Amino acid sequence: MERVIDLDQAAVLISEWAARWLAASLTVGQVTWMDSTSPWPQQLETDRALVCDPVSIGVLIDGPGEAGLSVVLFRGGWADVDYFDGIDDGGPIAAFDITSAAIFGTQLDQWVRRAFGDLGKSSRSVH
């Protein structure tokens, strides 16, 4: 798989956003890593040091009620994104043509707002 996105940079963005999400009473799971060199079935790791050649990272974010967001970003430039707003809206969100960690950060903020509503003014800007 082509390396379009630096997954380490994307993981830093998730960590930076996590403080804001936690302050808004969301629960943020640990970032998970999948190694392309692992034998099938590939295991998810939470320790980056155990992953030689990351192919994807993922994070689960939970909110009030049953609201939730699942994001798995692939180094090839797309993500598997599913959400449920806790009321009556949810499902997959198309996430293609992600060409940088910064673009991923911008889209991640949009996905969080779609699942959990506006969390207030952004506390950081994405470069």
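# Close-up views of a predicted model

View 1. The model is predicted. The buried residues of helix 1 are Leu7, Ala10, Ala11, Leu13, Ile14, Trp17, Ala18, Arg20 and Trp21.

**View 2. Helix 1 carries a kink.** Helix 1 covers residues 7-23, which makes 17 residues. At 1.5 Å a residue it should span 24 Å, and its end C-alpha atoms lie 25 Å apart, which agrees. A kink of about 30° is centred on Trp17.

View 3. At the start, a side-chain oxygen of Asp6 comes to within 2.9 Å of the backbone nitrogen of Asp8. Just after the helix, Ser25 adopts a positive phi of about 70°.

View 4. Helix 2 has 16 residues. From first C-alpha to last it reaches 22 Å, close to the 22 Å expected at 1.5 Å a residue. Gly117 follows helix 2, with a positive phi near 85°.

View 5. Asp109 sits in helix 2. Its relative accessible area is 12%, under the 20% cut-off, so Asp109 counts as buried. Residues up to four places away in sequence aside, Asp109 touches Trp17 and Arg20. Asp109 and Leu119 are 10 residues apart along the chain, and 9.8 Å separates their C-alpha atoms.

**View 6. Asp53 contacts two arginines.** Asp53 lies in the loop between strand 3 (44-45) and strand 4. With a relative accessible area of 16%, Asp53 is buried. Its side chain makes a polar contact of 2.4 Å with the side chain of Arg3. A second polar contact, of 2.8 Å, joins the side chains of Asp53 and Arg75. Neighbours within four places in sequence aside, Asp53 is in contact with Arg3, Met34, Asp35, Ser36, Thr37 and Arg75.

**View 7. The whole chain, for orientation.** The protein chain has two helices and seven strands. Along the sequence they follow the pattern α-β-β-β-β-β-β-β-α. The radius of gyration is 14 Å, close to the 14 Å that the globule rule gives for 127 residues, so the chain is as compact as a globular protein of that length. The C-alpha atoms fill a box of roughly 40 × 30 × 25 Å along the principal axes. Buried residues make up 39% of the 127 residues. Of the contacts with a separation of 6 or more, 50% are between residues 24 or more positions apart. The accessible surface comes to about 7000 Å², and carbon and sulfur atoms hold 53% of this surface.

Note on methods: Residues numbered from 1 in each chain as written. Predicted model: local features only at pLDDT ≥ 70, side-chain atom pairs only at ≥ 80, totals over all residues. Heavy atoms only, no water. Helix = DSSP H or I, 4+ residues; strand = E, 2+ residues; numbered from the N terminus. Expected span 1.5 Å × (residues − 1). Bend = angle between axes of the 7 residues up to and from the residue. Buried < 20%, exposed > 50% of the residue type's maximum accessible area, 1.4 Å probe, protein only. Polar contact = N/O pair within 3.5 Å; in protein donor to acceptor, adjacent residues only side chain to side chain. Rg over C-alpha atoms; globule rule 2.2 N^0.38 Å. Contact = heavy atoms within 4.5 Å. Areas by Shrake-Rupley, 256 points an atom, 1.4 Å probe, with all protein chains shown as cover.
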